[in-house]
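Grab a pencil and take a look at the model below. Try each exercise yourself before you read its solution.

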Amino acid sequence: MNQLKVLAVRLRPQATQLLAKLNVPQLSQRGLSSGPPEAFPSGSTSYVEEMYFAWLENPQSVHKSWDTFFRTASVGAAPGHAQPGSPSPRAESHTDRAAIQEAPGHTKSQAMADKLVEDHLAVQSLIRAYQIRGHHVAQLDPLGILDADLDSFVPSDLITTIDKLAFYNLHESDLDKVFHLPTNITFIGGTESTLSLREIIKRLERTYCQHIGLEFMFINDVEQCQWIRQRFETPGVMKFTNEEKRTLLARLVRSMRFEDFLARKWSSEKRFGLEGCEVMIPALKTVIDKSSEMGIENVILGMPHRGRLNVLANVIRKELEQIFCQFDPKLEAADEGSGDVKYHLGMYHERINRATNRNITLSLVANPSHLEAVDPVVQGKTKAEQFYRGDTEGKKVMSILVHGDAAFAGQGVVYETFHLSDLPSYTTNGTVHIVVNNQIGFTTDPRMARSSHYPTDVARVVNAPIFHVNADDPEAVIYVCSVAAEWRNTFNKDVVVDLVCYRRRGHNEMDEPMFTQPLMYKQIHKQMPVLKKYADKLIAEGTVTLQEFEEEIDKYDRICEEAYTRSKDEKILHIRHWLDSPWPGFFNVDGEPKSMTYPTTGIAEDILVHIGNVASSVPLKDFKIHGGLSRILKSRVEMVKNRIVDWALAEYMTFGSLLKEGIHVRLSGQDVERGTFSHRHHVLHDQEVDRRTCVPMNHLWPDQAPYTVCNSSLSEYGVLGFELGFAMASPNALVCWEAQFGDFHNTAQCIIDQFISSGQTKWVRHNGIVLLLPHGMEGMGPEHSSARPERFLQMSNDDSDAYPEFSDDFEVAQLYDCNWIVVNCSTPANFFHVLRRQIQLPFRKPLIIFTPKSLLRHPEAKSSFDDMVTGTSFRRVIPEEGAASQAPRDVKRLIFCTGKVFYDLIKERKNQDLDKQVAITRVEQISPFPFDLIKQEVEKYPEAELIWCQEEHKNMGYYDYISPRFLTVSQARPIWYVGRDPAAAPATGNKNAHLVSLKKFLDTAFNLKAFDGKTF
Ligand SMILES: Cc1ncc(C[n+]2csc(CCOP(=O)(O)OP(=O)(O)O)c2C)c(N)n1
Ligand SMILES: [Mg+2]
């Protein structure tokens, strides 16, 4: 051994030089540089050692070249003289030996060092290859037919067959040679620092190419990569105790027998069973257990149809009878509204987590059929729960999202949601994503459903590690889930678990899959259920007995049967019991508003003044703002002095006053901080210090609620969904989403249709989200003009033909009954009031506001403090208050309008000197329709012709909504339309055509003979 040390020391200078040149610190640290005196750690043998020992025993047993080498080395070479080079390990069979020996100036010792380094580098590359590409050959598909990875190539640098060794210039005879393992790159050695090549390959295969496929090497952070390698490569990491195995089996029993029970009792009912991915239940429970262990107290889940009932029963632990009774078609609904099918409902449950004995709150967010739409909603709710708890780092609250493979790959909102994951005002500090990858979407094969190799590739954009796992290997699944939960709670970043499974039945229980996937389903029919496979394994290894297993099954079957019996006593379905976001204390015990009083929303003048002053100032010292902004702030000072507000100042006063009342205000959307139209300026930027900002709204009062204003990512679907989720968490917040221009809301149409418009009726869940939608025909072209009021109005649920009874509480009752409120305010004061009313109401409704563009700076679109002080409130209708109102019987025409066109109308009326003959009344709250006030106005002007005037085209805007309602109010008098003709595009791209059409309809509006002789 001593001689060996000498040899190593002699080789050191050349090797070190070479290693340094090649920048390979690992090798030098381990053995060949200044490290420990023993170049070859005891207990292991390397190639050189092997040769040496063989040579010691019998010099004839090694190749001549080695013989010469050891002979020379043991004699020693004079200092300064080149060491004799060791022969190439394959010099015997390769021509490189000759080449080495012949190379001018290339000594044998250098060649030996070269070869050592080369081989070690080869092994290092090999390790890297497995880490990067091992997942391509992992056995992920339980059916063994498809590759979960659509690109089924076998990477040429993985040693799948012996001949692949040649890729690394290695040979079969090298398999038993021992190599130093590079530190910081691999953990496959465990406590050993050297392994034979054979063992290296074996361990790499075990880690990367069996039932787990790891994709993580694209992560830029070395520490994170190391962390993952350590979790999966370390030998023996995937060991389970018998207790853990039994728990896993029991969870599988529940998962499987739940589906079996439903199938037995309701064989012809759709339930979107989990069969083929039963392991998802233990998987989710593992994520929750592990997260609870790491301090999480609140988990918010979003998931689609598949396996949802099973999750409710076995993860959230909804009472089984409550689930079973949903299958009874005779069950009466106790709550108003449409309700929803059982596999869409949400749930909220606080319980003890049995694994950790800690409290845990679980909620499953109700969702529509629209796959993945719930993703941003869950994130918003999670963010809000974190925000209200002060959990800035996501240590207490987290989200889990479950996805289908086809939907995860296909739906763009998945990408939009991922892009929120690291934004300061949107991050939830990491989400665990679980993909139920049954390798089919309804009847469509993956190769027709996506262009990416895996359904999970979208997650790579945020550097989330992706763990693919064969769902028929429950222990591998559980291990992966445990690591995923640990990852989320260590790095607070997203992670994806791809459960590669199959779908035992059709898309739903009524569907025939053999029509479209005959071969796949032939295989599925032969497939042994995972529970049986796992039970057999545990029985074979003696962890459980067959009897114990059968008892576990009987026990759960009995639980189901007993619950089934109890479910027959349930006569009434309370959707309220399926709420995902209860608001304790906001409603009474029956879930109704505590009062039905209509709020007045004005505030004391000194508060207006105070907010106005802060809005005109820079609360931080030595903070240099832009000159243009100084002018804006000065103009605010002037307005406060003159007791008036423009739009931006009214908004300031709204938010500021709510903050004073302890209401959190959150304004989110593209460029909202400054405001698309440069009117808002809620965030000031120091002109001299990079990224130094100031939000004066947070400097109003020491004990105020916090104000959040945040520029969002350029997404509507994702961000609106997020804000809706944020607003779900608490009634005591004003959550506003602003579209850059109102028409962009249609890329979030799914959130609007599926959640905002219909959420309450489906899921008895109130939501007070506010949509600010800039709207108005300003000659800016077909886009950027219309927020599509017609779409919102068409979905309003107030009956156009039913003449309501005007009770004392009509105004508030009407709001309570509606699905949402649609307004177009013509004054800053009314905007102020409607936003404040949103919070003062004893219930919550979504509020859609068409907000102005040019009115932001219109000299007449200003309001006096008189319209905002205590005692004032929102005006649903602003009646004519000028000359015409003084002598209403003489009025020939009563024009109703909404929003900005009012200012065009009054200007034109003045031009035409028709102030006495024409009255103009503004409908500020369009829906629910203010039948009572419209009636008053109509009756006030008995001789007047009724006109609806709008600047939008006739098939757009408000006309189709208001027309039947006007007729309901006043059947005797028609309501004539004045506005632009019907059109396909919302506006013209030609400025002149815009002005011509404006003039044309204004002329009609004031042509008192325009409708003479016409029939309605
Ligand atoms: C946005 C949307 N488009 C279409 C559908 C109709 N649909 C329901 S399930 C389904 C297939 C979903 O496949 P996958 O995501 O793989 O989930 P799986 O049913 O296989 O669990 C489709 C297309 C839908 N629900 N939502
Ligand atoms: Mg699928």
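**Before you start**

This is a predicted model: local features need pLDDT of at least 70, side-chain atom pairs count only at pLDDT 80 or more, and totals for chains, interfaces and linings use all residues. Residues are numbered from 1 along each chain as its sequence is written, chains are lettered from A and ligands numbered from 1 in the order in which they are written, and side-chain values use heavy atoms, with hydrogens and water left out.

**Exercise 1. Get an overview of the protein chain: how many helices and strands does it have?**

Step 1: Helices (H or I, at least four residues) and strands (E, at least two) are DSSP runs, numbered from the N terminus. On that basis the protein chain has 34 helices and 28 strands.

Step 2: Look at the extent. The C-alpha trace spans about 130 × 75 × 50 Å along its principal axes.

Step 3: Check the burial. Buried means under 20% relative accessible area, exposed over 50%, and partly exposed in between (1.4 Å probe, protein chains only). Of the 1016 residues in the protein chain, 60% are buried.

**Exercise 2. Trace the hairpin made by strands 6 and 7, and find which residue in its turn has a positive phi.**

Step 1: Find the two strands. Strand 6 covers residues 347-353, strand 7 covers residues 358-364, and they run antiparallel, joined by seven bridges. Two strands count as paired if DSSP finds at least two bridges between them.

Step 2: Pick out one pair of residues. Arg 351 sits opposite Ile 360 in strand 7.

Step 3: Four residues lie between the strands, and Asn 357 in the turn has a positive phi of about 60 degrees.

**Exercise 3. Describe the surroundings of ligand 1: how many residues surround it?**

Step 1: Count the shell. A residue is near a molecule if one of its heavy atoms lies within 4 Å of it. Ligand 1 is surrounded by 15 residues, and the closest are Arg 306, Ser 369, Asp 405, Ala 406 and Ala 407.

Step 2: Ask who contributes. Helix 14 (residues 405-410) gives the most, with three residues.

Step 3: Find some polar contacts (pairs of N or O atoms within 3.5 Å; within protein, one must be able to donate a hydrogen and the other to accept it, and residues adjacent in sequence count only if both atoms are side-chain atoms). Arg 306 brings a polar side-chain atom to 2.7 Å from an oxygen atom of ligand 1. A polar side-chain atom of Asn 438 is 2.9 Å from an oxygen atom of ligand 1. Ser 369 uses a polar backbone atom, 2.9 Å from a nitrogen atom of the ligand.

Step 4: On its own, ligand 1 has 580 Å² of accessible area, and the protein covers 75% of that. Accessible areas come from the Shrake-Rupley method with a 1.4 Å probe; for residues, only the protein chains shown count as cover.

**Exercise 4. Which protein donors hold the magnesium ion (ligand 2)?**

Step 1: Donors are N, O and S atoms within 2.8 Å of the metal (3.2 Å for Na, K and Ca); water is not among the atoms, so sites may look incomplete.

Step 2: List them. The protein donors are Asp 405 (OD), Asn 438 (OD1) and Ile 440 (O), lying 2.0 Å from the ion.

Step 3: Asp 405 is in helix 14, while Ile 440 is in the loop between strand 9 (431-437) and helix 16 (446-449), 35 residues apart, so the pair links distant parts of the chain.Both Asp 405 and Ile 440 are buried.

**Exercise 5. Is strand 19 buried or exposed?**

Step 1: Count residues. Strand 19 (residues 770-774) has five of its five residues buried.

Step 2: Check both faces. Val 770, Leu 772 and Pro 774 are on one side, Leu 771 and Leu 773 are on the other, and all are buried.

Step 3: Find the neighbours. Strand 18 (residues 733-738) pairs with strand 19 in the parallel sense over three bridges. Strand 21 (residues 847-851) also pairs with strand 19 in the parallel sense, over five bridges.

**Exercise 6. Is Glu 223 buried or exposed?**

Step 1: Locate the residue. Glu 223 lies in helix 8 (residues 222-233).

Step 2: Apply the cut-off. Glu 223 counts as exposed because its relative accessibility is 54%.
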